[in-house]
Amino acid sequence: MKLTLSKEVDLAKEPIGHLLWVLAVPAITSQVVNALYNMVDRMYIGHIPEVGSVALTGVGVCFPLIMIVSAFAYLFGMGGAPRASIYMGKKQNDMAEKIMGNSFVALCIIAIFLTIAMLIGARPLLYLFGASANTIGYAMDYIQIYAIGTIFVQLTLGLNAFISCQGFSLISMFTVCIGAVTNIVLDPIFIFGFGMGVQGAALATVLSQAFSAAWAIYFLCSSKSVLRLQKKNLRLSASIMLPCIALGVAPFLMQATESVLVLCFNSSLLRYGGDLAVGAMTILSSVMQFAMLPLQGITQGGQPIISYNYGAKLSDRVKRSFRLQTLACLGYSTILWAMVLLFPGLFVAIFTNDPELTEITCWALRIYMSTVLLMGIQISCQQSFIAFGNSKISAFLAVLRKMLLLIPLIYILPMLIPDKVFAVFLAEPIADTIAVATTAILFYREFKKMMREMQQKEGDNLLFLLNC
């Protein structure tokens, strides 16, 4: 089966290296550009005269709520898209279209509930996530406008996964670029030109996401898309959605637990280091989020290749796809690790020019990301479980690193180490090391078992053809 990109690509026949290149590069670009929605806001807000640092901290405590919104988009988008790829590999495009149609309806319904919940309960949640009397005004200014655009966030992130899973990585990149470029243009106009400050940043983000969502819907309804959004597939079916939700639990947890994670980090840092430490954490989480995007882009590019060939029972191509994806991830994470340790100030300067905040953030960044080179292995293995449709292990790994390891360490280490702020930041590299070791062992065991099963089926099919 051939899928149109800038040219036609055959996921079952073309060289793995070429496929990963043409799918991953636009996916990486999309991931990096997508981060600019929040990153650009923070860059401009952090440089607002006189109140930049406080406003940045205020917007930073909105980050957990934003991650929850994204998490639900991943629940249905990243849960449905790999299953659609697998069915496309089986030559069952009708079923793939039903999955996409059901996911579209689910995204719209959950967006309504999230919008209402945020408009009603934002203030207590923001205090819970680390807002103080100094920062709550800025946080509320941002989140109340952002909440109105929840439907656009859901559709942009959720539907773009279905564009990518068909092999349309350039179209997927364009979907994101439309919004990102719009956001970059509108941010300084609204923030500084119209004097709207934090509210201007939120409004620019909402309008930008609206443009991206409109484009994604237009493309998936057009004849250019292999899978098309059609009215007949918009009736929700439990038999279709429940397996998608089960597979989407892992990416959902990876995003949603970021909210709980920020709550734990911010509450501990507010207690031990005050608003300055919370501001540093806002920058650290921004750097980590942005730095991880190329890894997500590589695996997003690899997912259609792995899922399609897994559905087509081509074990050798599955093995080669995973091997190349892992090498690419590990190479990038190693370079990132070296850059953070050698030049932390380059990353921090993007967000603030406050000397006091810069000093503590540079120091904390080296600790917080000291084992980031291992994340290439972690993300490649974890995302491959999703590509295989293995919902149970992928969900367990999503919970393991953050909920079972990192969050307890945030509270345990300050009881053991005199420097409390240092102890909180140290929790991240310790949790990462344990999680990577566990993930690698589990993946090695499960991958060998899957390959044996696929090779057995290939042998049985060949024997059947010879007998015929």
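Modeller: A salt bridge here is a side-chain nitrogen of Lys or Arg within 4 Å of a carboxyl oxygen of Asp or Glu. The model is predicted, so local features need pLDDT of at least 70, side-chain atom pairs count only at pLDDT 80 or more, and totals for chains, interfaces and linings use all residues. Residues are numbered from 1 along each chain as its sequence is written, and side-chain values use heavy atoms, with hydrogens and water left out.

Colleague: What is the N to O distance between Lys449 and Glu446?

Modeller: Both residues are in helix H15, 3 residues apart, which means a separation of about one helical turn. Helices are DSSP runs (H or I, at least four residues), numbered from the N terminus. The side chains of Lys449 and Glu446 form a salt bridge, with an N to O distance of 3.7 Å.

Colleague: Is Glu446 buried or exposed?

Modeller: Buried means under 20% relative accessible area, exposed over 50% and partly exposed in between, with a 1.4 Å probe and protein chains only. Arg445, which also forms a salt bridge with Glu446, has 51% and is exposed. The relative accessible area of Glu446 is 10%, so Glu446 is buried.

Colleague: Which parts does the pair Arg401 and Asp432 tie together?

Modeller: The side chains of Arg401 and Asp432 meet in a salt bridge at 2.6 Å, N to O. Both residues are buried. They are 31 residues apart in sequence, so the pair links helix H14 (residues 391-416) to helix H15 (residues 420-467).

Conventions:
Helices (H or I, at least four residues) and strands (E, at least two) are DSSP runs, numbered from the N terminus.
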